[in-house]
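Reader: I'm new to this one. Could you walk me through how to read it?

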Amino acid sequence: MGTRGTVTRTRLVDRARELLEAHGYAGTGLEQVLAASGAPRGSLYFHFPGGKDELVAAALESAGAEIGTRIRELSEEAPDAAALVRGVVDLFTARMEGSAFTRGCPLAATALDVSATNDLVHTVCRRVYSSWQATLAQRLVAEGRGAEEADADAWSALSLVEGALLLSRATRDRGPLDRARGTASRLFGGE
């Protein structure tokens, strides 16, 4: 695939990411993605012969990798696990507020829509969420927790953040995220 093809594929994935995050799977149509990307219909099926599900999987993988990279960076920068979890909350809070509460977790809306019924989306969501959780767990292990405890606590931290995102988006209020930030300090120590 040439440079132009790569650019077109990237535009399709990026526009799908934006639409999926704001509207979920059911609220994102291929016509919308084509209109937002400016790509011709033929390009969509050239790059994604599996259609919408293949495009959605690529969009979720891309978004998940971007957030995963940022979580790993936060893990390296944070002085402790509590600061790491607060940093993750802050990352998502900035996304939420910067989009007037239409963006938060790039996977959540789609995961809620179809993860239970769409095997490809389920697999991608499980893989992405697991990679984020693994970064959190590694930090907890590095701070002296046993592997099993770190694994469970990392899932709890991720659940805290995801739940706060859902509530903040539903209420259009950053309050649940602020409370999750405080809870992270109480659960993981720090500030």
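Predicted model: local features only at pLDDT ≥ 70, side-chain atom pairs only at ≥ 80, totals over all residues.

Reader: How do I read a cavity?

Author: Rolling a probe the size of a water molecule over the atoms shows where empty space is left. Here, a cavity is a set of points, on a 1 Å grid over the protein atoms alone, where a 1.4 Å probe fits but cannot get out; lining residues have an atom within 4 Å of a point. The structure holds two cavities of 30 Å³ or more, a volume being the space filled by probe spheres set on the points.

Reader: Which residues line the second largest cavity?

Author: Ala81, Leu84, Val85, Leu136, Leu140, Ala157 and Phe188 do. Helix 5 (81-98) and helix 7 (119-142) are the elements that give two or more residues to that lining; helices are DSSP runs (H or I, at least four residues), numbered from the N terminus. By class, the lining has seven nonpolar, no polar and no charged residues. Ala, Val, Leu, Ile, Met, Phe, Trp, Tyr, Cys and Pro count as nonpolar, Asp, Glu, Lys and Arg as charged, and the others, Gly among them, as polar.

Reader: And what volume has the largest cavity?

Author: About 40 Å³. Its lining includes Ala16, Leu20, Val33 and Lys52. Helix 4 (52-77) is among the helices that each supply at least two residues there, and it gives the largest share, three residues.

Reader: How do I read two helices that pack together?

Author: Two packed helices are described by the angle between their axes and the distance between the axes. The axes of helix 1 (residues 3-23) and helix 2 (residues 30-37) come within 9 Å and cross at roughly 120°. Axes are lines fitted to C-alpha atoms over the stretch in contact, with angles from 0 to 180 degrees between N-to-C directions.

Reader: Which residues of helix 1 and helix 2 meet?

Author: Arg11, Leu12, Arg15, Ala16 and Leu19 in helix 1 meet Gln32, Val33, Leu34, Ala36 and Ser37 in helix 2, where contact means heavy atoms within 4.5 Å. These residues divide into six nonpolar, two polar and two charged.

Technical notes. Residues numbered from 1 in each chain as written. Heavy atoms only, no water. 1 Å grid on protein atoms, 1.4 Å probe; cavity = no way out; pocket = protein on both sides within 12 Å on 5 of 7 lines; lining within 4 Å.
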